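Here are some notes for a colleague who is opening this structure for the first time. They are arranged as numbered points, to be read with the model in view.

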Amino acid sequence: MNKTLPDVAMMHSDVLIVRAREGDKHAQGKLVEVWYKRIYNFSYKFFYDHDLAMEVSQRTFISMHRNIPYLQDAGRFRSWLYTIAVNCCREELRKKKSSRSVSLHDLAPGEHEDSYHWETSGNRRENPERVLHQSELSDLLQGCLMQLSDEQREVVIMKEYEGLKFREIAETLNISENTAKSRMYYGLEALKKILELRKITKETIGYEL
Amino acid sequence: MNYKPDEATMMSYLYGELEPAEQKKVEEYLQQNPDEKKRIEEWSFTRSVFAGLEDKEVIAPPIITTDNTRPFWKENYFRMPLGIAASLMLFLVVAKLIGLSLTYSPGEFKVAFGEKVEKVESVQIPTLTEQQVGEMIRTSLAMNNETIKESWAADRKDFQKAIQGNLNKNSNKIDKLMQTASAANQEQVKQFVAQIQNDNLKLMKDYMQLSATGQKEYIESLLVDFSKYLNEQRKQDLQILQAKVNKVEQNTDIFKQETEQILTSLISTSKTNTLRRN
């Protein structure tokens, strides 16, 4: 999570949320600006699909705009927003499972010239070799994440990448805190085994990193 | 020490979400259980590996949404009365169109459509007894019989009168015929026959005369035609003869010329021969 100081300040700014709740368009726009990257990355890591992540992000913020006047506690904004995102993800997942079409990105993401990887490539001033290694590592780790069950993947992403506390994850997913911890436990165990299977050790990862 | 942290506690410890006292207990437990400590280290390693999965850079697109404020008639406390009012209005319009009529009287509720139909009051007819009906039928039958008898009698009289009249007429005619037939005597018959014979003779004479004159005329015309034919034939024969004579004359002329030429040629040849001999 590459959060800048102003971002952190915005995220924790209850004032901004209160203003947005009162119908302040500027505050709502600011919230979208601050939280869009987080929701996009959560959805992207969940689906490993740029288009679906964009779709979920759009729908999440449209829903936020409509429903923010009904948000009771500004302090629970983060878990409330992730709840919307998770619901959108689950809906898209149902659609994806019911439709027979397969995204080209599912087959070989990042290998085509017109891939979204070109659109979302990181800092261009970085060393190209490093960027290539980073891209390969990202694909490898994302592939490992996709081997988890949907429930475990939700919790792992929220905990590892979004930095939610177990209490917030439980609140977001409407489950008990112990269930959230249990899912995290089994998720981590599964990831550990996947790494072992792929023979990713401290030595190999040292080279990669 | 029997303390063994469960999965949930281990996760909370891994992510530093334990209370300080609980965390201390777990740390002590891990020091005493190196296998568990190793598990924690493995999880930490897994976490460090997956921390390599970085965020994607993305720019938030403009999200255009419609105005969130709802008009007052869409508020919940307005929707119900408005709905009822609209339903009532619709009901009244439909009732007007289909001519609905609702009436309520004690113990009776009526729903009717269309215009009210006036009831025709039925006239109460006094009921008749069986005897009265029988009497009426009998009187009507008796009256009917009487009228039929009267009409029969009148018809019979008319028939008799008509037959009588016809008989009288026919007998008168036959009588007249018989009288005329008997009045004719034999002389009249003879005269009649003689007259017929005279007429026949006259007719025969006229016919013969007419036929004789006709035959005469026919024969005359026939003779005239024949004489004309003969004259014509003679003319043609004469013409043919004339032509032949002319032809003979021509031939003789030609023959003469030819003989003359032959003679002249013979003469000339004889002359030339004599000259040569000389």
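1. Read from the N terminus onwards, the elements of chain B follow the order α-α-α-α-β-β-α-α, which amounts to six helices and two strands. Please keep in mind that this is a predicted model. Of the 278 residues in chain B, 3% count as buried.

2. Across the pair, L102(B) stands opposite V111(B) of strand 2 of chain B.

3. Is strand 2 of chain B largely in the open or buried? The number of buried residues among the five of this strand (residues 108-112) is zero, so strand 2 of chain B lies largely in the open.

4. The contact between the chains takes 40 residues from chain A and 25 residues from chain B. On the side of chain B that touches chain A, helix 1 (7-14) and helix 3 (34-50) of chain B each supply at least two residues, and the largest share, seven residues, comes from helix 3 of chain B. Sorted by class, this side of chain B has twelve nonpolar, eight charged and five polar residues.

5. Turning to chain A, the largest nonpolar core has 50 residues, among which L81(A) and A85(A) touch the most other members. Helix 3 of chain A (residues 25-47) provides the largest share of this core, namely ten residues.

6. Two packed helices are described by the angle between their axes and the distance between the axes. For helix 3 and helix 5 (residues 77-98) of chain A, the axes come within 11 Å and cross at roughly 35°, and the crossing is right-handed. Helix 3 of chain A contributes W35(A), I39(A), F42(A), S43(A) and F46(A) to this contact, while helix 5 of chain A contributes L81(A), A85(A) and C89(A). By class, the residues of the contact between these helices of chain A divide into seven nonpolar, one polar and no charged.

7. Which residues is A85(A) in contact with, once its neighbours within four places in sequence are left aside? They are I39(A), F42(A), S43(A), V56(A) and T60(A). Among them, I39(A), F42(A) and S43(A) belong to the side of helix 3 of chain A that makes the contact with helix 5 of chain A.

Technical notes. Residues numbered from 1 in each chain as written. Chains lettered and ligands numbered in written order. Predicted model: local features only at pLDDT ≥ 70, side-chain atom pairs only at ≥ 80, totals over all residues. Core = buried A, V, L, I, M, F, W, Y, C linked by C-beta atoms within 7 Å. Buried ≥ 20, exposed ≤ 12 C-beta atoms within 10 Å, placed from the backbone. Helix = DSSP H or I, 4+ residues; strand = E, 2+ residues; numbered from the N terminus. Contact = placed C-beta atoms within 7 Å. Pairing = 2+ DSSP bridges. Nonpolar A, V, L, I, M, F, W, Y, C, P; charged D, E, K, R; others polar. Axes fitted to C-alpha atoms, helices over the stretch in contact; angles between N-to-C directions. Left-handed = near helix turned anticlockwise from the far one by under 90°.
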